[in-house]
Amino acid sequence: MLKVNYIGRQQTVCFAGYFAWEGTAMNKKQIAFIICVNDDEEFAECMYYLERLYVPEGYSTDIISIQNAPSMAGGYNAAMKDSDAKYKVYLHQDVFIMNRMFISDLIDIFSYDEQIGLIGMVGKRDLGTGVAQLTGWDTGSVKDNHKCWNQGCPRQEEVFQEVHAVDGLLMATQQDIRWREDIFDRWHFYDISQCMEFKRAGYKVVVPWQKEAWCYHDNRDPELTTYYEAYETFLHEYADMEAVASSIDVNRSGYEMEKEYAQMVNTMQSGIEKLIMAGAKTELRKLFEDPDIQEYFCLKDYQTIVYIDCQEETEQSELRFWQEDMSSCQLLRKLRRLRHILKRMEFDAGEREKKRLWSSYSKYAVSAVCDRYFVDANQICGIIEPSD
């Protein structure tokens, strides 16, 4: 059963299914943050940042989590149906809003032009041709655990840039338009489809100017085996739109290559997890000495864990990241917790987080994560120096 939780109002609404609704009056002073959740730890981290946003006087917020969603579009529809908030912010559970003035900035953009229906953080002005070009964002800015993506557009004096599509990591609206769960029943293309639906309804889709990226995306390598199927559905549904017409270039060989790559990665991850369970550290270290293996972004977390363990052993560290009999799942979650602590410290440099950091992790683990997951490692190192 799909479950929608209201954090703050402490109200729980359960839906056995989704049904169409009639339009209702919207609360112009309400902002709803809507999140599909299947990872409670990641969601808790997302909440940490949401709870620290400045809320303009006279406004109120809801944080709505959707559990057991059959698809992203299905979950979003259920929450949209039950919320009367004029401003709805649909975001991934692994997106952390770093801009404390986010709500004010969002309302300012929407107020600038009533025809703005949807705002995203990164987008594309020209859909171009082919799948790869479709999601090669050319507008906006966002940080992730790999780098800071800053496309240099829009410029400050432009305020915002109109685009054809935005990434689903965060999509804010001031109008309710049904998400196309009828044709996008999984986890791909729900976002670009929604952009097309807003354009069909006569609204603008835009990306705002950001002095610094408003959001941090704690993303991992996506699962793409169903991506090309959703792409074909997208092309078929929106072929009548000028922006999409030039994109009708379905590449079946590309789809087969993507499936083959996904299968290969799954095999590699399975092999690495078996070595971890066997405690085969020597074999793992040799594996990650291979430059070709180091290039796989999807294996970055495993590589970091092995590197930390090697450094701590060499330096005879009292604190050890990889403790005896830890599973690969436990190691990955521990690495993520360290990344989250460091990101919190970068956000507000709290002493509580600093104590938590140095009581649980060695300087070698901290240094490795700073170097591998932060855009400016030197800046974060200045914040996290241990207290005397």
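This is a predicted model: local features need pLDDT of at least 70, side-chain atom pairs count only at pLDDT 80 or more; totals for chains, interfaces and linings use all residues.

1. Residues are numbered from 1 along each chain as its sequence is written, and side-chain values use heavy atoms, with hydrogens and water left out.

2. Helix H5 itself spans residues 190–200, and nine of its eleven residues are buried, so the rest of the structure largely encloses it. Here buried means under 20% relative accessible area, exposed means over 50%, and partly exposed lies in between (1.4 Å probe, protein chains only). The buried residues of H5 include Asp-191, Gln-194 and Glu-197, as well as Ile-192, Met-196 and Phe-198.

3. Overall, the chain has 15 helices and 15 strands; these are DSSP runs numbered from the N terminus (helices are H or I, at least four residues; strands are E, at least two). Of the 388 residues in the chain, 53% count as buried.

4. The largest nonpolar core holds 81 residues, and Phe-33, Phe-102 and Leu-170 touch the most other members. Strand E3 (residues 27–37) gives this core its largest share, seven residues. A second, separate core has 31 residues, among them Ile-272, Leu-331, Val-366 and Cys-370. For both, a nonpolar core is a set of buried Ala, Val, Leu, Ile, Met, Phe, Trp, Tyr and Cys residues joined through side-chain atoms within 4.5 Å.

5. Which residues does Phe-102 contact, leaving aside its neighbours within four places in sequence? They are Phe-33, Leu-53, Val-89, Ile-97, Met-121, Leu-170 and Trp-214, where contact means heavy atoms within 4.5 Å. Among contacts in the chain between residues at least 6 apart in sequence, 76% join residues at least 24 apart.

6. Glu-312 is worth a look in your viewer. This residue sits in helix H11 (residues 300–314) and counts as buried because its relative accessibility is 0%. Beyond its neighbours within four places in sequence, Glu-312 has contacts that include Arg-320, Trp-322, Ser-362 and Tyr-364.

7. Finally, the cysteines. With a disulfide taken as a pair of cysteine sulfur atoms within 2.5 Å, the count comes to zero. Cys-36 is buried at a relative accessible area of 12%, and Cys-370 is buried at 0%.
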